[in-house]
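Visitor: I'm new here and would like to learn how to read a structure. Could you walk me through one?

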Amino acid sequence: MTTLKAVRGTRDLLPPETALWNRIEATARSVFARYNFGEIRTPIFEDTGLFARSVGEDTDIVSKEMYTWEDRARAQSEKTVSLTLRPENTAGVVRAYIERKLGETGQLQKLYYIGPQFRRERPQKGRYRQFSQIGAEIIGPPSAGSESPLRDAEILEMLATLLDDLGISGWTLHINSVGSAADRTHFNHILREALIPLAPSMCEDCQRRAVTNPLRVLDCKVPADQPIIDSLPRIADSLDPESQKHFAEVLAALDAAGVTYTRNHRLVRGLDYYTRTTFEFTHGGLGAQNALLGGGRYDGLSEALGGPKAPGIGFAMGEDRLVLTLQALESARPEVADAYVAPLGESLNPAALALARALRREGLKIELGDGAFRLKKSFEVADKVARRIVILGEDEHQSGILTVKDFSTERRPKRPLWPPTLSPVGKRKDGAWRIFVRPGDHKGLRKCSIS
C-alpha cells in the first residue's frame, strides 16, 4: 500500500516550531491592538472574478499560480461558478468592505488578518503552495483621511515596531512611489518603448512582461538581467506634482518618527491595484530571497470592484519568512518546560498529578512523568523536555520537601522554579535544590504555601 504524504508544497507544523508561530502571531495581535486595528476573517475561497479584476489578469498570480475550479450547480436553478482559493487577502478585505457597506460609517477601517493563502508556484525554502500571511489594511472614505500620507507613515512605523518587538534587528525598509493610476499608465508606455530593443536579451519572463506588464520587469531577480534593468527609465521621473508631494510628506513623517528607510527607485508591486507608496522590508539573513514583507497604497481598488471611492494602504508578511529570520538570528530557542515531575513508583502517580496541577496553577510550564519509569529514564526524558526535574518519592511525599535538580542552563533562559508560594530550603551536596511544599491536603499535595 502506498504511504500517503503531504501534498507537494505543503507541510505539517509541529512542536517546538509551532510555539514560535504562536509567539509571532501573539506579538502581531498585541501590536495591532495598540494601533487600534481589529481582526477580519474572510473566506479562504472567493469568486475568481474578484482576483482577475483586482490583482490583474496579466499578473503571474492570475495567469499561472491560482488554484481555480468550477463549482458545479447542484440544481437547475443554480449556475456553475468559478471559484479560487485566495492567493492574497487584500482583495477579499476590500470585497468585504464593499459588501458590508463599511464605508457608510464614515470612519477609517483598520483591519488585520492572519491566515492561509494559496499559490501554485515552485516550492522552495520559505515558500510553499499553502502559506500563512499576516496582513493589515487601512481603508475608508476620503473624508476620513484615508488618502493622507500620514496613514502610509503610520502603517510603516507600526511595521517597524512589530519587527522590533519580534526581536528582528537589522531590517531595511525600501520605499518608492509608483504614482497615480495615470502616472503608472504613462510610465508603462515609456517602459514598454524602452524595452523593445532590450527585452530579447532578457529572461523569458521579462520578455513576456515587457509586452503584458512592463512594470513587473523592474522586479526581476535574474542576475544577468540586472545591468539592463539598471539602465531603464525611473518611475520617479514620471510622477505628477500631487504624487511627488504625497511621497515627500510620507518621507517627512517617517523622518519625524525616526524610522530609517532607503529609497529604491526599482521597487514596484506587481499587482495592478497598487498606486503611490510602495514598500518592502528585507533582511540579510534570508539570502537572495530576502523580503520579509511588502505592501503599498491601492487608492482605486474599491472602485475597480464596483464599490465607492475608498483609498487604502496595506501590507502582507509571510510567516514562514519571519520564522526563518528568527531562526537565523538565533532569537528563537526551543521552548522547554520549567520542570518535569518524576514520581518514583506508580502508586505516586496521583500525587504527582496533584503536584503538577499546583505548579501549573502558579503559572509554571510542567511536564508530567510516569511512575512506571525507572529514575534513569526519567532523568533522560526530563533533560530533553525541561529545565529541571522534580523528584517525588515516598519520603518527599510524606515530608512535603521535594528534590529539584537543575540541568545545564547554557542553552536555556534562566528562570526560578519556585513561584512566591514555594520556598527553597537549601542545596544538597550533589547540586540539587530542595524545596518545601506545604499542602493543604498533605497526601494529595493539593496546595502550596510558604512555610
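This is a predicted model: local features need pLDDT of at least 70, side-chain atom pairs count only at pLDDT 80 or more; totals for chains, interfaces and linings use all residues.

Visitor: Which residues is Glu 70 in contact with, leaving aside neighbours within four places in sequence?
Guide: Contact means heavy atoms within 4.5 Å. For Glu 70, the partners are Thr 80, Val 81 and Ser 82.

Visitor: Is Phe 187 buried or exposed?
Guide: Buried means under 20% relative accessible area, exposed over 50%, and partly exposed in between (1.4 Å probe, protein chains only). Phe 187 has a relative accessible area of 0%, so it counts as buried. You'll see Phe 187 in helix H6, residues 181-195. Not counting residues up to four places away in sequence, Phe 187 touches Leu 215, Leu 218, Pro 233, Arg 234, Ile 235 and Ser 238. With Ser 238, 51 residues away along the chain, the C-alpha separation is 6.2 Å. Across the protein, buried residues make up 49% of the 451.

Visitor: How many residues of helix H11 are buried?
Guide: Seven of the 10 residues in H11 (319-328) are buried, so the helix is largely enclosed by the rest of the structure. Among them are Arg 321, Val 323 and Thr 325.

Visitor: How do I read a pair of helices?
Guide: Two packed helices are described by the angle between their axes and the distance between the axes. Axes are lines fitted to C-alpha atoms, for helices over the stretch in contact, and angles run from 0 to 180 degrees between N-to-C directions. Angles under 35 degrees count as roughly parallel, over 145 as roughly antiparallel, 65 to 115 as roughly perpendicular and the rest as oblique. Take H1 (residues 17-34) and H11: their axes come within 10 Å and cross at roughly 110°. The two helices are therefore roughly perpendicular to each other. Residues of H1 including Leu 20, Trp 21 and Ile 24 meet residues of H11 including Leu 322 and Val 323.

Visitor: At roughly what angle do the axes of H5 and H9 cross?
Guide: Helix H5 (residues 149-165) and helix H9 (residues 241-257) cross at roughly 40°, with axes coming within 8 Å. That makes H5 and H9 oblique to each other. The contact includes Ala 153 and Leu 156 of H5, along with Val 250 and Leu 254 of H9. By class, this contact has seven nonpolar, one polar and three charged residues. Here Ala, Val, Leu, Ile, Met, Phe, Trp, Tyr, Cys and Pro count as nonpolar, Asp, Glu, Lys and Arg as charged, and the others, Gly among them, as polar.

Visitor: Which residues of H1 and H5 meet?
Guide: From H1 come Thr 27, Ala 28, Val 31, Phe 32 and Arg 34, and from H5 come Met 158, Thr 161, Leu 162 and Asp 165.

Technical notes: Residues are numbered from 1 along each chain as its sequence is written. Side-chain values use heavy atoms; hydrogens and water are left out. Helices (H or I, at least four residues) and strands (E, at least two) are DSSP runs, numbered from the N terminus.
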